Amino acid sequence: MNTHFRRTEKSWIRILLTAIALVFIVLFIALPMLLVFAEAFSRGWAFYRDTLSESDALSAISLTLLTAAIAVPLNVIFGVAAAWAIARFNFRGKSFLITLIDLPFSVSPVVAGLMYLLLFGNQTALGVWLDAHDLKIIFAVPGIVLATTFVTFPFVARELIPLMQAQGADEEQAALVLGAGSLQTLWHVTLPNIKWGLLYGVILTNARAMGEFGAVSVISGHIRGVTNTIPLHVEILYNEFNIAGAFVCASVLALLAIVTLILKSIIEWRQHRSHQQSLRRSGNPVQAAADSRIGAATAINAT
């Protein structure tokens, strides 16, 4: 049954609210983004290319990509495992686990960096042991990866938990009853059902990993050409009054942000379309049951 809702607000109210939203978007998002690129190319393409070709800039870019390449897969593994455990099982400590997942949202990134500094620093017993065995955590790549992983690990889990709870476990249970193993069920039933939510979480995780400043700034030591990521390199250039160079490197992060927003919009559209298709199937119990049996059978026969 279709329900039609009559608009009660006046047209000038809708126009005013729309205008306010557009003004805020232009002033606080679009205009600053355009200014970043305008300043980055203010000295021409040659200066832009030369700035990004410097050894320190290349080192910062490669370290940022390396950190994201390690932190994102770790968060995917943790996020899927945590979401599966929370959405599918009841166990003691479940609420505590959810609280731990939300912890990076409530802790300042600077505090996160300080925690690792106090844990692995030379003034601690663990730090002394690491130094005696020539293992570098603080002011090295492992520390940067740890800090980045900490501040980004909620994104995948928090995206998947409500999605998996809403989908239920009917197809997974059907696959197990028909003889599929746990890994088969995960690979052929669970992951295909959560693929768009998983990709959405991966994109958010990657964007935060590449743009993280606070935690990395504390634990990296700001060793130029060694432990500086792109955000830290931008800060160094700005402090050296190389404003144009700072904007050149900042434009790399801005470009990554634009790509992230485009991918995010595509995935949201695909999620919405998938949700609409699920709603149409759920309106037909016979079709829903058939889909469940097909998904379960695929889990068994695919390998």
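Predicted model: local features only at pLDDT ≥ 70, side-chain atom pairs only at ≥ 80, totals over all residues.

Biologist: How many residues are in the largest nonpolar core?

Modeller: The largest nonpolar core has 31 residues. Those with the most contacts inside it are V80, I101, F120, F150, L160, M164 and I219.

Biologist: And which helices supply it?

Modeller: At least two residues each come from α3, α5, α7, α8, α10 and α12. The largest share is from α3, with six residues.

Biologist: What does I101 touch, if you skip its sequence neighbours within four places?

Modeller: I101 is in contact with F78, A82, I86, F153, P154, A157, R158 and I161.

Biologist: What's in the second core?

Modeller: That one is separate and has 13 residues, including A40, Y48, V248 and V252.

Biologist: Switching topic: which residues does the UniProt "transmembrane region" annotation cover?

Modeller: The unreviewed UniProt entry puts it on 12-37, 57-84, 96-117, 137-157, 198-223 and 243-263. In the model, residues 96-117 are 91% helix and 0% strand, with the end C-alpha atoms 25 Å apart.

Biologist: How far does α11 reach from first C-alpha to last?

Modeller: Helix α11, residues 195-211, reaches 24 Å, close to the 24 Å expected for its 17 residues. Its buried residues include W196, Y200, I203 and M210.

Biologist: Okay, charges. How many salt bridges does a search of the whole structure find?

Modeller: Seven. One of them is R88 with E172, where the closest N and O atoms are 2.7 Å apart. R88 sits in α3 and E172 in α9, 84 residues apart.

Biologist: Are R88 and E172 buried or exposed?

Modeller: R88 is buried, and E172 is too.

Biologist: What about D102, which residue does its side chain meet in a salt bridge?

Modeller: R158, at 2.9 Å from N to O. D102 is in α4 and R158 in α8, so the pair ties together parts 56 residues apart in sequence. D102 counts as partly exposed because its relative accessibility is 25%, and R158 is partly exposed at 31%.

Biologist: Where do E240 and R224 lie?

Modeller: E240 is in the loop between α13 and α14, and R224 is in the loop between α12 and α13, so their pairing ties together parts 16 residues apart in sequence. The N to O distance in that salt bridge is 2.5 Å.

Biologist: Which residues are linked in a network there?

Modeller: D56, R224 and E240 are linked in a network of salt bridges.

Notes: Residues numbered from 1 in each chain as written. Heavy atoms only, no water. Core = buried A, V, L, I, M, F, W, Y, C linked by side-chain atoms within 4.5 Å. Buried < 20%, exposed > 50% of the residue type's maximum accessible area, 1.4 Å probe, protein only. Helix = DSSP H or I, 4+ residues; strand = E, 2+ residues; numbered from the N terminus. Contact = heavy atoms within 4.5 Å. UniProt positions renumbered as here; feature names shortened; annotations may be inferred. Expected span 1.5 Å × (residues − 1). Salt bridge = Lys/Arg side-chain N within 4 Å of Asp/Glu carboxyl O.
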